[in-house]
Every structure is written in structure tokens, then in C-alpha cells.
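Below is a short briefing on one protein chain.

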Amino acid sequence: MVIEILYYILLFYACVIVLYSIYKVIWYTVKMISFGVRMKRLGKDNVQVERLRNLFDIVFGSKGDPDYYVTVGDKRYEVCVLSFISIHGRWIIENRTSGMHIEARRLRDLIYTEKKHMGMAGGPHEYKHELRISRKELKLTPVEEEYASQILLLYPTPKRIICVDHRYRELQSGDTVEGHTVMNVHDFRNLIHIE
């Protein structure tokens, strides 16, 4: 009897994980398709949008390559889209001696809750209780004067984004990493329409 109950509990838990995974893949696919539509809509109102890579390459290709060139009047922006399926955790940009990497992490729990621990600094404690979703090398383009700004566009926007180089810091939209400006889609659209 006890074995049957455990079997059904494990079966139920497995079904929930599979259904949640299917839901996340569908949700992410819809978000990325809507992103492509948003970028096309920017092409109106005297904004020129040149797409360099397709959505498949943005999701599965290398991170840091330019995905779009956006021109507004005499200002040109280089846009690199950073995208992962997980947004309820942290994205971490690491600048180590071995090179730059970007990683998406989330808590191991099925339901996202923020855990606090008083005896340990935030970063290491969180890292210990998180699961790595993806880790990729981040190859940023050299900073060039011809661009008004070189933008790392976060889509969909994660709950938090951290930069670990010579210090540990939480990034906000508008902060810079190696001369590239980190932005969410809302702030990027506002920047383009202000010009």
C-alpha cells in the first residue's frame, strides 16, 4: 500500500514537471516570435532596423554577436540580444581570466521563492541552492565609436542580472559591461523613440 502511494506521488510529480516544461517551451516560443514582431514594428517611424541573425540563432547560437543594427536619424545602435528560457532566477555575466561567460540559473525548487541566509553573503549562498539552466561563452564585439551605443538587450527580462568581474554587482537597465549598455526591451524602445 505504501509503495503504491509513493508510486502515485512520484508519477504525479513527474507529470507536473513534464507539463510545466511543455508550458515553458510554448511560452518561450511565443515570446521570441513576439520579439521578432516588435523589432519589425520599430522599422516604422523613420527607424531603420537591419536584422543580422534569425531568432533560432539568437536562442541557440553564440551570445554576444550583433543581432540587429538600428538606425535613428544619424545615430546607429548595435544590438545584441541575450535570451534564455528561464526568467525567474538570475542571469550571471562573468568576466574571468578564462574569458567572459553568461549563465542562466534558477532555484532548484519548482515554485520560485527567494531564500535568505544571514551568515553568508548573497551570491555564494544563492549559487549553492540554484540549478544551472544554460552557460554560454559571451563574445562581446569591440567598442567602436561609430555606434551611439552598443546594447546588450535582455529578452525576456530576467528577475535579476548580476555581473561578476573584479566585484559582484547587480545590474540595472542602463548599466554598462565592457562598454556595452545593458537594457530591457521597454527602455530600449523608449530610447529609440526619444531620438
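Is Glu-178 buried, partly exposed or exposed? Glu-178 is partly exposed, at a relative accessible area of 46%; buried means under 20%, exposed over 50%, and partly exposed in between (1.4 Å probe, protein chains only). This is a predicted model, in which local features need pLDDT of at least 70 and side-chain atom pairs pLDDT 80 or more, while totals for chains, interfaces and linings use all residues. Residues are numbered from 1 along each chain as its sequence is written, and side-chain values use heavy atoms, without hydrogens and water.

**Overall make-up**
- The chain has four helices and eleven strands, taken as DSSP runs numbered from the N terminus (helices H or I, at least four residues; strands E, at least two).
- Of the 195 residues in the chain, 41% are buried.
- Among contacts (heavy atoms within 4.5 Å) with a separation of 6 or more, 62% join residues 24 or more positions apart.

**Backbone details**
- Glu-178 is not a glycine, yet has a positive phi of about 50°.
- The loop between β10 (176–177) and β11 (180–184) holds Glu-178.
- A cis peptide bond, with omega near -15°, links Tyr-155 to Pro-156.
- Pro-156 sits in the loop between β7 (149–154) and β8 (160–164).

**Surface**
- Arg-41, part of helix α1 (residues 2–42), is exposed at 55% relative accessibility.
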